[in-house]
Amino acid sequence: MPANASWNAAQTRTQPNFGDEIFDGISTNNSLVWMLRQAGNVKIVEGGRTFAHPLIYAVNSSFGARGALDTIPTPDPDVLTNSEWNIRTISGSIVLGTLSKAQNKGKPQIIRLLEEKKQEATISMTEVMGDQLVDGDGTGNNWDSLETIIATTNTTTVGGIAGSDASWQNYSAAIGGAFNTSNNGITAIDLALRSTTFGSRGPRAIFTTSAVWGLYYVSQAGSIRYYNEELADAGFKHLNFSTLPVLWDDNIDAGRMYFVDTDSLWLQVLKDGNLVTTEFMPSVNQLMDVALMYIFGNLTTGSRRTQGVVTGITS
């Protein structure tokens, strides 16, 4: 039987853009991915068995105040290393039923059907990636996330490095009482921010739940409310605390607030697994054509001490 020429032409023209356009959809619907992309921290990696993220974990002991003619020590300090991260996968299928193809004759109808399938894939990939980047536990097939990198138990091993030293520990503390009682919430936020800021390095955004964001909103009643113009233009609802946008994410566990240094977080993706969409192929035992979509990546960091989490937040 001859192939549907209109179908094949429309599919060939539309399908190659699926990956790029779906990633655009993800970044415009996920504030964390959007901020990483704005910071240039979506890193496309050529290959490798794992992802590496460079970090400085110690001080070069040769530096110090001394006399002009004093001998300067010349040790070979091992202050540079890499954290190491497993490569994870998110994948799914895009199905075009043979009946749907038969019902959608003509190029406009075919393009509309493909656009619907692209929208379906965008929503699905956004939901799964959003969950993995915030709530993945880093075990099995799950990605590393805010929850594993900015751990409530900050002595955990992250990126293959044990959290036995303060230089590789994030800030973690429980709030001292109900958020809007005796300024407990603002005090906890201020302490977390000061504990994770070192010069110009520190958190760039605060992520919390919708409920906790509401408590922060109430705490600012009657105050001047500042906002980030770029985030606002991108459609992300937020308020600012000391220049940092405060946003909510449905995937964050109840009662938590994360202080995220997006400058030291990377979303690393393998070049040959960067939201790849395979060609549509006929199913061997069903009336449908199937394409597979996948991404090989993980969330990585080179700094834990500039990240923090406050837990136990209640009203």
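Strands β6 and β8 run parallel and are joined by 3 bridges, where strands are DSSP runs of E of at least two residues and helices are runs of H or I of at least four, both numbered from the N terminus. Within this pairing, Phe207 has Leu247 of β8 as its bridge partner. Two strands are said to pair if DSSP finds at least two bridges between them. The model is a predicted one, in which local features need pLDDT of at least 70 and side-chain atom pairs count only at pLDDT 80 or more, while totals for chains, interfaces and linings use all residues. Residues are numbered from 1 along each chain as its sequence is written, and side-chain values use heavy atoms, with hydrogens and water left out.

**The sheet around β8**

Both strands belong to an open sheet of 6 strands with mixed pairing, in the order β5-β14-β9-β6-β8-β7. At its edges are β5 (171–174) and β7 (239–241), each of which pairs on one side only. From one strand to the next the twist averages 20 degrees. Helix α3, residues 31–38, packs on this sheet and touches β6 (205–208), β8 and β9 (257–260), and its direction makes about 165 degrees with that of β6; contact means heavy atoms within 4.5 Å, and such angles run from 0 to 180 degrees between the N-to-C directions of axes fitted to C-alpha atoms, for helices over the stretch in contact. Strand β8 is mostly covered, as 4 of its 5 residues are buried, a term for under 20% relative accessible area, with exposed meaning over 50% and partly exposed in between (1.4 Å probe, protein chains only).

On its other pairing, β8 meets β7 in the antiparallel sense over 3 bridges. Leu239 stands opposite Val246 of β8, and Phe241 stands opposite Leu244 of β8. The two strands form a hairpin with 2 residues between them.

Elsewhere in the sheet, Thr311 lies in strand β14, residues 308–311. With a relative accessible area of 17%, Thr311 is buried. Apart from its neighbours within four places in sequence, Thr311 is in contact with Thr152, Ala173, Ala174, Ile175, Gly255 and Arg256.

Most residues other than glycine have a negative phi, and most peptide bonds are trans.

| Residue | Phi | Place | Relative accessible area |

Ser242 is in the turn of the β7 and β8 hairpin.

Of the 15 lining residues, the closest to the centre are Asn29, Asn30, Trp248, Asp249 and Asp250. Helix α5 (107–135) and strand β8 (244–248) are the elements that give two or more residues to this lining, and α5 supplies the largest share, 3 residues. By class, the lining has 3 nonpolar, 8 polar and 4 charged residues, where Ala, Val, Leu, Ile, Met, Phe, Trp, Tyr, Cys and Pro count as nonpolar, Asp, Glu, Lys and Arg as charged, and the others, Gly among them, as polar.

Technical notes:
1 Å grid on protein atoms, 1.4 Å probe; cavity = no way out; pocket = protein on both sides within 12 Å on 5 of 7 lines; lining within 4 Å.
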